[in-house]
Amino acid sequence: MPSTCEFKLDRQNGVYFAGQSVSGSILLTTSHEKRIRDIRIRFLGEAKVHWTEFRHGQKLFGNQVSANSLYRAHEIYVDQVAVVRREGIMPAGAYNYKFQFRIPKSCPTSCAGNHGHIRYILWLVIARPYRPNSTFRKPITVLRKVNLNISPRYKMPVEAEEMSSTGCLPCYSGRIFYSLRVPFGAYASGQTLKYSLKIRNLSMTEIYGYQVEFVQWMTFIAKLPRYNERKIRTVVASHKKRDSCLRLSNRQFEGKLILPSLTTESSTPTTNDNSNRSYTPAITSTPEPAAANETGADGPPAYEEILPPSFEQAMSASPPFIDPDDCGNVRDSWFRPLYPMFPDCNEGEELYGLKESRV
């Protein structure tokens, strides 16, 4: 019977904020005696990016040469190790090891995407002479907070304008102008985003409906063998209506989107914590607001007034990223980070206060 391992965290949901400590205990049960070099607990936080692109090369001896280009990047944010048992004979039985690790303040938010992830993992490693190491691991969620009350630009409305032409010469029939507004520039998962859509239909074409989308962009940045980017666009919320705007007329529509659990916007970390590793961004995640609204409402509530959030998995979960360096028996591609939800903060307009830092 193989050894078994159970991680018991001091927080049941396994969610921590940068700057806090993650602690708990690990229960290791062995069925037979082992000779070991040591047993260690490791806390590792890292970002990995990996994807392959197919490209056509130059002709060689008259034939078109094609090749696959592998792009990747790797950054380490925290790597701490505690040895809990030294070299010797380990009798069969149950062993309980306590641990505590500090999460550096500069650690970016956990996230997962198609071509990479930022992940924090607790490891228990049993090193044995002349045999492969036995490893057990437990992923956790790390979030980085930024107080948006100190950023005036997030209190300002956001507006997007666009113009389209209908028909083609010689059948050109006019232009349509769209103006979309939301009252604030920052929102949190679980909130209701209210929008206002103005349409000036100066064409001879009638409009029979519209659709507003809230889009999230994830940008994966590779550094090897050279710098490259890959962007993934995901619609995380949408609102479709069949309201009409007749030709040569103006209309204004009001609506709202309920934002699901999703990876929050990232920004470059700013900290004076000298104990942290310096790093270059490996993954960025930026929600793209696709709706906007002008209202006469008061400003959003202060961050200090917000009740503690609940935590949920991202509703727009992308296909799991398979780490090419992981062995098949230790993969945890099932894991999804938990993000804060604020469904009860919509009274008196939108929440303003919690977002994650840039990765």
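Two strands pair if DSSP finds at least two bridges between them. With that in hand, here are some close-ups of this predicted model.

View 1. Strand β3 (residues 21-30) and β8 pair in the antiparallel sense, and 10 bridges join them. They belong to an open sheet of 3 strands, ordered β1-β3-β8 with antiparallel pairing. At the edges stand β1 (4-9) and β8 (93-102); each has a single partner strand, so one side of each is left without a neighbour in the sheet. From one strand to the next, the twist averages 20°.

**View 2. A four-stranded open sheet, running β13-β14-β15-β18.** Here, too, the pairing is antiparallel, and the sheet has 4 strands. Its edge strands are β13 (158-166) and β18 (249-258), each of which pairs on one side only. The average twist from one strand to the next is 15°. Zoom in on strand β14 (residues 174-182) and strand β15 (residues 192-203), and you will find an antiparallel pair with 7 bridges. One place to look is G174, whose bridge partner in β15 is S203.

**View 3. The largest nonpolar core, with 42 residues.** The members that touch the most others in this core are V22, F43, Y120, L122 and I140. Strand β5 (residues 38-60) supplies the largest share of the core, 6 residues. Apart from this core lies another, made of 20 residues, including V182, Y187, Y210 and C245.

**View 4. The surroundings of F43.** Leaving aside neighbours within four places in sequence, F43 is in contact with V22, V78, D79, Q80, F101, R102, I103, Y120, I121, L122 and I140.

**View 5. Two buried cysteines, C107 and C111.** C107 is buried, and its relative accessible area is 0%. C111 counts as buried because its relative accessibility is 1%, and buried means under 20% relative accessible area. How many disulfides does the count come to? The count comes to 0 disulfides, where a disulfide is taken as a pair of cysteine sulfur atoms within 2.5 Å.

Notes: Residues are numbered from 1 along each chain as its sequence is written. This is a predicted model: local features need pLDDT of at least 70, side-chain atom pairs count only at pLDDT 80 or more; totals for chains, interfaces and linings use all residues. Side-chain values use heavy atoms; hydrogens and water are left out. A nonpolar core is a set of buried Ala, Val, Leu, Ile, Met, Phe, Trp, Tyr and Cys residues joined through side-chain atoms within 4.5 Å. Buried means under 20% relative accessible area, exposed over 50%, partly exposed in between (1.4 Å probe, protein chains only). Helices (H or I, at least four residues) and strands (E, at least two) are DSSP runs, numbered from the N terminus. Contact means heavy atoms within 4.5 Å. Axes are lines fitted to C-alpha atoms, for helices over the stretch in contact, and angles run from 0 to 180 degrees between N-to-C directions.
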